[in-house]
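Me: Can you walk me through this one? I'll ask as I go.
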Amino acid sequence: MSHGPQPAARGRFVTLEGGEGAGKSTLARALAAALAAAGQPALRTREPGGSPGAEAIRGLMLGRDGWDPLAEAMLVTAARREHLVHTIRPALEAGIWVVSDRFADSTLAYQGLAQGLGEAPCRALAELALDGLRPDLTLVLDVEPGLGTARALGRGDANRFDARDAAFHARIRRAFLDIAAAEPGRCLVLDAARPPEAVLASALAALRERLPGPA
Ligand code: TYD
């Protein structure tokens, strides 16, 4: 006897984190394509951004220097809320896997740890904004900051963060490694100094192992 269509299994939520020039957007594209090729619909998205309101906030945030770190954390969190409500949650509920280039760990690393706001305000904002949503898997792309900055400059899209000094980039790297070490069940560090194909192979292996399913 038929009871109508079964609800789709909830999609999985994968986030990519790391400093500038680590190759997050390249990997996000390749992962989404690999999932789709395996028959699993997947959506690639990014932060700040990923929905019309969030993209507008991105323009505001990256368009000027000198935000107070708490104000900046509130801006990226407002963008994240829009992204969550209008893009991420509807996709997951429809059974689509979501691959996001950055998510809440970036606020902890950039505003919380590197800009000195501290962890508590970032965690409080996440608590307020995310309705308990957490990534199923976070891949931290780790690369020595000099190489990351050279890559970012080489592709000609240096943003105002890329121009920060070496100590800032070192703090970002440390912050992501600390976040990954604190949550080994959710996070995996990948050596992103390797060629993109090698990083993709490691990422797909991690997906197969930790999120059994299509890929
Ligand atoms: P983007 O050009 O997308 O940089 P990248 O290629 O390194 O991801 O710009 C996003 C910038 O915004 C990046 O420098 C990190 C910063 N950012 C924060 O400071 N806090 C956040 O919560 C997020 C999501 C991004």
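**Helix 5 and the cores**

Reply: This is a predicted model. In helix 5 (residues 119–129), C122, L125 and A129 are buried.

Me: How wide an arc do the buried residues of helix 5 fall within, seen down its axis?
Reply: They fall within 65°, so they line one face of the helix. An α-helix has 3.6 residues a turn, so residues three or four places apart point the same way.

Me: Which residues are exposed on the other side of helix 5?
Reply: A120, E127 and L128 are exposed there.

Me: And what covers the buried residues of helix 5?
Reply: The cover includes helix 3 and helix 4 (104–114).

Me: Switching to the largest nonpolar core. Which residues touch the most other members?
Reply: L16, L27, L31, L139, L141 and L207 do, out of 21 residues in that core. Helix 8 (196–210) is among the elements that each supply at least two residues, and its five residues are the largest share.

Me: What does L139 contact, leaving aside neighbours within four places in sequence?
Reply: L139 is in contact with T15, L16, E17, L27, L31, L188, L190, A203 and A206. A second, separate core of 16 residues includes V140, F168, A175 and I179.

Me: Now D68. Where is it?
Reply: D68 is in the loop between helix 2 (52–62) and helix 3 (69–93). A polar atom of the D68 side chain lies 3.0 Å from the backbone nitrogen of L70.

Me: How accessible is D68?
Reply: Its relative accessibility is 45%, so D68 counts as partly exposed.

Key
Residues are numbered from 1 along each chain as its sequence is written. This is a predicted model: local features need pLDDT of at least 70, side-chain atom pairs count only at pLDDT 80 or more; totals for chains, interfaces and linings use all residues. Side-chain values use heavy atoms; hydrogens and water are left out. Helices (H or I, at least four residues) and strands (E, at least two) are DSSP runs, numbered from the N terminus. Buried means under 20% relative accessible area, exposed over 50%, partly exposed in between (1.4 Å probe, protein chains only). A polar contact is a pair of N or O atoms within 3.5 Å; within protein, one must be able to donate a hydrogen and the other to accept it, and residues adjacent in sequence count only if both atoms are side-chain atoms. A nonpolar core is a set of buried Ala, Val, Leu, Ile, Met, Phe, Trp, Tyr and Cys residues joined through side-chain atoms within 4.5 Å. Contact means heavy atoms within 4.5 Å. The arc is that of the directions from the helix axis to the C-beta atoms.
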